[in-house]
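Dear colleague,

Please find below the structure that I am handing over to you. My findings follow directly after it.

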Amino acid sequence: MRLFDLHCDTLYEMYKQDQNFEHNSLNISLEKAKCFSEYKQILAVWSENTLCEEDCFKQFLSIYGMYKERIPKDFCHILAVEGGKALGGRIDNLRLMYDMG
């Protein structure tokens, strides 16, 4: 069976709980996905609504840094940003995020 997973909070939960992607205690991991013949996922960088815009942007940068370290380059996925607050109140950060991937 093939699976395209829309479980978008995986990156945030990895960040919050200091987990990795290959093996973890979360709902989704590469190890758990081995039962599928093909597995792809949307990975969203989500920002906490309780944070101010500047802190949301800082959190985005932190989660993105973790993403670059912990998500294998050969894993087929779509990187997304959930919530405009992650722009930190600056529309030019949209270009930065685009350039980051």
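Just after helix α1, residue D18 takes a positive phi of about 50 degrees. Most residues other than glycine have a negative phi. D18 is a residue other than glycine with a positive value, and its place is in the loop between α1 and α2. D18 is exposed, with a relative accessible area of 57%; here buried means under 20% relative accessible area, exposed means over 50%, and partly exposed lies in between, with a 1.4 Å probe and protein chains only.

Please note that this is a predicted model, in which local features need pLDDT of at least 70 and side-chain atom pairs count only at pLDDT 80 or more, while totals for chains, interfaces and linings use all residues. Residues are numbered from 1 along each chain as its sequence is written, and side-chain values use heavy atoms, with hydrogens and water left out.

Overall architecture

The protein has 4 helices and 3 strands, where helices (H or I, at least four residues) and strands (E, at least two) are DSSP runs numbered from the N terminus. Read from the N terminus on, the order of the elements is β-α-α-β-α-β-α. For 101 residues, a compact globule would have a radius of gyration near 13 Å, and the 14 Å of the protein agrees with this; the radius is taken over C-alpha atoms, and the globule rule is 2.2 Å times the number of residues to the power 0.38. Along the principal axes, the C-alpha atoms fill a box of roughly 40 × 25 × 20 Å.

Of the 101 residues, 36% are buried. Among contacts with a separation of 6 or more, 68% involve residues 24 or more positions apart; a contact means heavy atoms within 4.5 Å. The protein exposes about 6300 Å², of which carbon and sulfur atoms supply 53%; these areas come from the Shrake-Rupley method with a 1.4 Å probe.

As to charge, there are 12 positive and 16 negative side chains, and the centres of the two sets lie 3 Å apart. Lys and Arg count as positive and Asp and Glu as negative, with His and the chain ends not counted. The place of a charge is taken as NZ of Lys, CZ of Arg, CG of Asp or CD of Glu.

The strands

Strand β1 (residues 2-5) runs parallel to β2, and 4 bridges join the two. Within this pair, F4 has K40 in β2 as its bridge partner. Strands β2 and β3 also pair in the parallel sense, over 6 bridges, and the partner of Q41 in β3 is H77. Two strands are said to pair if DSSP finds at least two bridges between them.

The buried residues of helix α1 (residues 10-17) are T10, L11, Y12, E13 and M14. They pack against β2 (38-46), α3 (53-70) and β3 (77-82). Y15 also lies in helix α1, but Y15 is partly exposed, with a relative accessible area of 33%. Not counting residues up to four places away in sequence, Y15 touches Q59, S62, I63 and M66. Y15 and V45 are 30 residues apart in sequence, and their C-alpha atoms are 9.8 Å apart in space.

F21 lies in the loop between α1 and α2 (30-33). F21 is buried, with a relative accessible area of 0%. Residues up to four places away in sequence aside, F21 touches T10, M14, I28, S29, L30, Q41, R70, I71, P72 and F75. The C-alpha atoms of F21 and E53, 32 residues apart along the chain, are separated by 27 Å.

Y64 is found in helix α3 and counts as buried at 10% relative accessibility. Leaving aside neighbours within four places in sequence, Y64 is in contact with L79 and M100. Between the C-alpha atoms of Y64 and G101, 37 residues apart along the chain, the separation is 9.9 Å.

N93 lies in helix α4 (residues 92-100). N93 is buried, with a relative accessible area of 8%. Apart from its neighbours within four places in sequence, N93 is in contact with F57 and L87.

With kind regards
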